[in-house]
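User: Hi! Could you walk me through this one?
Analyst: Happy to, here it is.

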Amino acid sequence: MREKIFYYIIRRVIIYLITLFLSFTIVFFFLRMIPGDPVTRFVRMIEQRYSFSPMSMEAINVWKASFGLEGDIFTQYRRYLERVFLNFDLGPSFVAFPTPVQDIITFRLPWTIFLLGLATVISWVIGTIAGAFAGWKRGTKIDSILFSIALATSQIPYYIAAVLLVLLLSYVFRVFPPRFALSLQANIFSLEFMVNLFYNSFLPVLSLVLISTFGWLLSARFITISIVGEDYLLFAQAKGLKKIRLLNRYVLRNALLPQATGLAMSLGFIVNGSYLVEWIFQYPGVGGLLQFAINILDYNTIQGIVLMSIFTVLTANLIMDLIYPLIDPRIRIGE
Amino acid sequence: MTLVFDLKKKMLSSLNFFKRSIIFNIGFSIITLFIILSLAEPIINGYILKGQGVLKSGTFDKYLPPSLEHPLGTDHYGRDVLALLLASLKNSLLIGAISGGIATLIGVIIAMAAGYLGGKIDETLNGVTNTVLVIPSLPILIAVAAYTRLNLILMCIVLAIFSWPASARVVRAQILSLKERPYIDLAKVTGLNSFEIMFKEILPNIAPFIGLGLTNAIIGAIFAETGIRLLGLGPGEIPSLGLMINWALAFGALSLRHYHILLSPAITLILLFTSLSLINIGLEEIFNPRLKKITGI
């Protein structure tokens with residue numbers, strides 16, 4: 001048994017590493033298929049605007065080399081891999097040359113974590129509870145209302161919710177600002193900053209919460225209904241336990257595990273959709289950084305952000321896969 | 001005689017198909033309406049625009065309010081909003097269908113190879129599917145759209161590259177469960193080779209799940225396409241619902257209180273995504289009777 005667990009872990013970690021490496025390779029070559037490179041583009045732009053060449057050819061080449069654009073694409077790829085996996089360095093950015101990419105990402109990351117974290121926690125908690133409740137009360141009016149709304153809305157993209165919320169709450173009713181405008185220099189611990197932060201992040205958070213709550217509702221309802229048919233619940237009911245205790249101890253507890261796995265799996269999709277929400281509100285997170293990076297074709301920053309999000313999703317999945325057999329006795333390794 | 005009988009039976013069974021899920025029917029009706037509108041687009045727009053191009057600016061006065069002549073008014077450039085909306089809807093559906101079709105084709109081929117051949121091939125192909133699945137495609141697609149001149153077909157192909165894993169996963173899971181059924185063993189005993197089993201025995205039975213994969217892929221493709229166009233990227237000569245939202249935001253339709261210019265593409269998109277999602281769950285309800293108990297409305 002010990003040996004089996006050991007092999008399972010080793011196997012899972014190897015798959016993790018291969019997937020990380022492969023997905024990153026795909027991203028690298030896909031981005032390099034875009035014609036041109038940031039340095040040449042920048043130099044050409046200056047030439048066109050001021051009609052003179054700002055630098056000698058050698059200077060441009062040195063600049064390209066320091067950005068990692070020396071040699072053919074495979075040399076670049078090898079160098080980049082060495083830098084990332086051996087030195088944990090994502091290379092110099094072009095948006096803030098020569099600040100390393102990991103530094104500008106870490107500077108922006110707290111904002112994105114704040115936005116996504118808050119939205120995910122709120123929607124996950126509300127969605128799971130509402131879904132378990134709907135599943136528990138299945139067939140009743142309240143269930144069919146919740147279920148129908150959830151069905152209709154769960155696939156609507158976050159960014160459309162964002163656009164409509166701006167229309168409604170920033171223009172028709174002028175309650176919240178359409179753009180994130182918060183002085184980042186202010187004292188973070190002051191009450192004024194907190195109020196401003198709430199005021200400015202309300203719409204971005206709400207547009208993420210609004211849609212994903214219904215997604216969680218659907219999956220929690222599904223899980224709950226499959227639990228309701230299980231023998232142990234019948235037995236608990238036969239024992240005469242109170243309804244609230246049944247719902248809490250027997251239904252919600254058991255629905256939590258698959259819901260948590262769903263959370264780990266969905267992380268990547270949340271990140272994917274939230275870039276555009278950050279863009280719409282000009283939120284100072286990673287999505288905004290990505291916008292600058294794409295505007296000047298800053299490979300290193302784009303790759304860094306994408307790599308970070310791949311890493312997050314894969315690691316969350318790995319952790320889930322490794323602890324799942326420990327929590328859920330129904331899963332036996334090696335079967 | 002038998003032909004007539006067969007035809008009648010087929011028609012009856014397809015009628016039954018529609019009776020089996022209200023959810024599916026609602027979604028299907030909305031999509032059908034959208035497809036009819038798209039097909040009628042040249043006629044309606046010919047009438048509204050009287051031969052002018054839909055993107056040509058200054059055809060009418062700008063910011064006209066909704067009226068009988070212009071049911072949704074005109075925009076910043078004096079273009080008829082209804083005409084733009086119809087043309088955009090057509091393009092969004094077209095992009096969704098082509099790119100979803102390509103993605104599903106790739107997905108089904110990979111899933112069939114993986115699911116049936118099994119073993120090392122399955123492991124490898126499943127690994128590749130999961131690898132592409134974790135890549136956040138939107139940033140990459142946006143970067144590509146920003147620097148490459150895409151036409152409609154090229155755009156569809158680029159979108160399909162990242163949306164095939166969704167359908168591959170659905171189909172693979174189904175093949176894995178079909179493989180264990182007794183009738184496949186029977187086919188093996190009869191001496192069919194795996195190629196024949198794949199096409200004669202498995203493919204007809206996974207057809208509904210290919211439909212499921214297709215709606216998944218279409219949702220993914222339209223999601224990404226709209227996101228890219230929302231930023232004002234992609235081919236400017238091809239109007240799209242996302243691009244209309246971009247225009248509405250960029251030209252200040254909101255500050256001027258011309259809300260309907262934003263609302264018309266936004267509501268159309270909501271209906272589009274809602275109906276696709278209903279079709280998706282409806283299909284699952286029809287072909288997965290165990291679920292019928294669960295959805296239960």
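Analyst: Reading chain B from the N terminus, the elements go α-α-α-α-α-α-α-α-α-α-α-α. This is a predicted model, where local features need pLDDT of at least 70, side-chain atom pairs count only at pLDDT 80 or more, and totals for chains, interfaces and linings use all residues. Residues are numbered from 1 along each chain as its sequence is written, chains are lettered from A and ligands numbered from 1 in the order in which they are written, and side-chain values use heavy atoms, leaving out hydrogens and water.

User: How many helices and strands does chain B have?
Analyst: Chain B has 12 helices and zero strands. Helices (H or I, at least four residues) and strands (E, at least two) are DSSP runs, numbered from the N terminus.

User: And what share of chain B is buried?
Analyst: Of its 297 residues, 51% count as buried. Buried means under 20% relative accessible area, exposed over 50%, and partly exposed in between (1.4 Å probe, protein chains only).

User: Which residues of α6(B) are buried?
Analyst: They are B:Ser137, B:Leu138, B:Pro139, B:Ile140, B:Leu141, B:Ile142, B:Ala143, B:Val144, B:Ala145 and B:Tyr147. That is 10 of the 11 residues of helix α6 (residues 137–147) of chain B, so this helix is largely enclosed by the rest of the structure.

User: Switching to the interface: how much area do chain A and chain B bury between them?
Analyst: About 4,400 Å², with 80% of it on carbon and sulfur atoms. Buried area here is the accessible area (1.4 Å probe) that two parts lose on being put together, summed over both. The contact (heavy atoms within 4.5 Å) takes 52 residues from chain A and 49 residues from chain B.

User: How many salt bridges cross it?
Analyst: The rule finds one salt bridge across the interface of chain A and chain B. A salt bridge is a side-chain nitrogen of Lys or Arg within 4 Å of a carboxyl oxygen of Asp or Glu. Here B:Glu123 pairs with A:Arg11, the closest N and O atoms being 4.0 Å apart. The pair runs from A:Arg11 in helix α1 of chain A to B:Glu123 in helix α5 (residues 119–134) of chain B.

User: How accessible are B:Arg229 and B:Glu225?
Analyst: B:Arg229 is buried at 0% relative accessibility, and B:Glu225 is buried at 1%.
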